[in-house]
Amino acid sequence: SVQQGRMVCAPHVWPDFGGPRVLGTMGILTLVLCSCSGQPASLPWDLPAISSWEHQGGLVFIHTESSLYSLPCSPIEMEVADPTYHWVQDRAASRLFSVTKEGHLLFQHFQAGNSGKYSCTISYRKHGVPVSQTFHYSVFGYHVLGGLDTVLLFHSKLCEDEWTKRFLWGLQDKLRQLEIEQHCKLQLTATFCFPSLNNPSDEFIIQVHLEVSLFGPHWDEHCISQDMETVTDCYRKTVRHNLGQVQLALTRFFKEHKSFHVTGADIPSINFTNEFVGFLKTEQCSGGYGQTKQLQRCLDCCIVCPPGMFSPPKNSQCSPCPVGTYSLTYGVAFCTPCKDGMITRVLGARSMMDCVKKERTKQDVSIVHRIPVLLLIILPALLAINFLFILSSCYWFYQEYNVSSPRASKITESTTRMEMVTSFFRIPRQGPQAGPDAGPASDTSQLDTSTSQGGDEEHTRGAPSPAVTLNLPTVTDETTPVLTLEDKKDIF
């Protein structure tokens, strides 16, 4: 294309020399001449410089279980001759689409899985040149708030899974007609069985939980012709009206069907008698939907969760899939875990290809590589510490053993000192001898007593020691030294 502000090298008048072939030749010559003259050139005939365009059609929101939704190929009216339309979706799997002759893509009973990115290409010819325009749309399912939880209580003589399942199958079969009449869906979500308070041994209570969805077949039949700006308000009014109608219909149904009979080969007939019907209106998102506030005209509406995100039933927010899980499609209540030994690197994985084998991080690898070096450094230190600990334990054990027997230690010490004194004075160690030169017995007794007293004194002062009796022979030679009690005290 030629930028604005540049001179265009082209003649003002182009005669018709016989069709596109001659014009093509003249156009090539013109381009060559203009190129030689250094001026920008353009084609001589009125043809678009670009033969294809890409347009972003924006966001499209379609309500869950819409009876019929028509999405045009182009958001604006285009008057072109003999156009062809081609719709594709971003998924790899090929899919057949229902397309009208005007190029509108039709959605019947829209589901969460129908959400995704769609593209429509309009192809046509202009002045004999092929031209195409592509429009891209992001389609999201949504639903307005409104639902009904129902609790049913039945009395029965048995509380066995086999008979309870037969009873529930019969109950659902009889409720199908009510679903068609009230344009709703009834789903059994939980069943409990427990003994009756009145007769615990012979009677049981079967508690059944029913979840009522107001988006059944043709639920929006009164809103099909509404304008897109006001269709959401019509949906809300329809849901409020249907809530009351379904509640009345269920109450009337269980008044008319008080007892359900289940027959079998072993037991001829078992009755399940209805005793209670309770209702609770809810305003919570369905599984796979969350209040993402993308739809400006309905901020409290629940929008389908995109791939990589999930929302459990009755949860109002879409959350990224945890590490190790992924979600491929729109509107999943729970993410799919990766295979054993595989994990995702980040939150919100959208494909199975995001699952990779578990690998050690760089930090783990570096620690593993450093383990031999660390062992060489730490192991000798640990051995030295253990050796010192053993030595210290032996030393303290020896000290404790000596302290634990102080009397034996004191005897050894006293004996050693006595040997030193005896050796110093060269006194022979011998017992008392009988004879005329021996001293009176009373002197020896006095010395023994004194010695014992001295020992008791020392024991009283805190150094426990047995009394030591020092038996010295009586000497008559004046030159021989005599050890007295005072001298003993001085030595000790």
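Reader: Are C285 and C302 buried or exposed?

Author: Both C285 and C302 are buried, where buried means under 20% relative accessible area, exposed means over 50%, and partly exposed lies in between (1.4 Å probe, protein chains only). This is a predicted model, in which local features need pLDDT of at least 70, side-chain atom pairs count only at pLDDT 80 or more, and totals for chains, interfaces and linings use all residues. Residues are numbered from 1 along each chain as its sequence is written, and side-chain values use heavy atoms, with hydrogens and water left out.

Reader: What joins C285 to C302?

Author: A disulfide joins them, with an S to S distance of 2.1 Å; the term stands for a pair of cysteine sulfur atoms within 2.5 Å. The torsion about the S-S bond of C285 and C302 is about -80 degrees, so this disulfide is left-handed.

Reader: How many disulfides does a search of the whole structure find?

Author: The search finds eight disulfides. One of them joins C73 to C120, with 1.9 Å from S to S. C73 lies in the loop between β2 and β3 and C120 in strand β5, so the pair ties together parts that are 47 residues apart in sequence. Strands are DSSP runs of E with at least two residues, helices are runs of H or I with at least four, and both are numbered from the N terminus.

Reader: What is the relative accessible area of C73?

Author: C73 has a relative accessible area of 2% and is buried. C120 also counts as buried, at 0% relative accessibility.

Reader: Which strands does β5 pair with?

Author: Strand β5 (residues 116-126) runs antiparallel to β3 (residues 84-89), and six bridges join them. Strand β5 is also joined to β6 (residues 129-143) by 11 bridges, again antiparallel. Two strands pair if DSSP finds at least two bridges between them.

Reader: Which residue in the hairpin of β5 and β6 takes a positive phi?

Author: H127 does, with a phi near 55 degrees; the hairpin has two residues between the strands. The bridge partner of K126 is V129 in β6.

Reader: Changing topic, how many helices does the chain have?

Author: The chain has seven helices, along with 19 strands. Helix α4 spans residues 362-404 and includes I378.

Reader: Is I378 buried or partly exposed?

Author: I378 is partly exposed, with a relative accessible area of 44%.

Reader: What share of the chain is buried?

Author: Buried residues make up 29% of the 492 residues in the chain.
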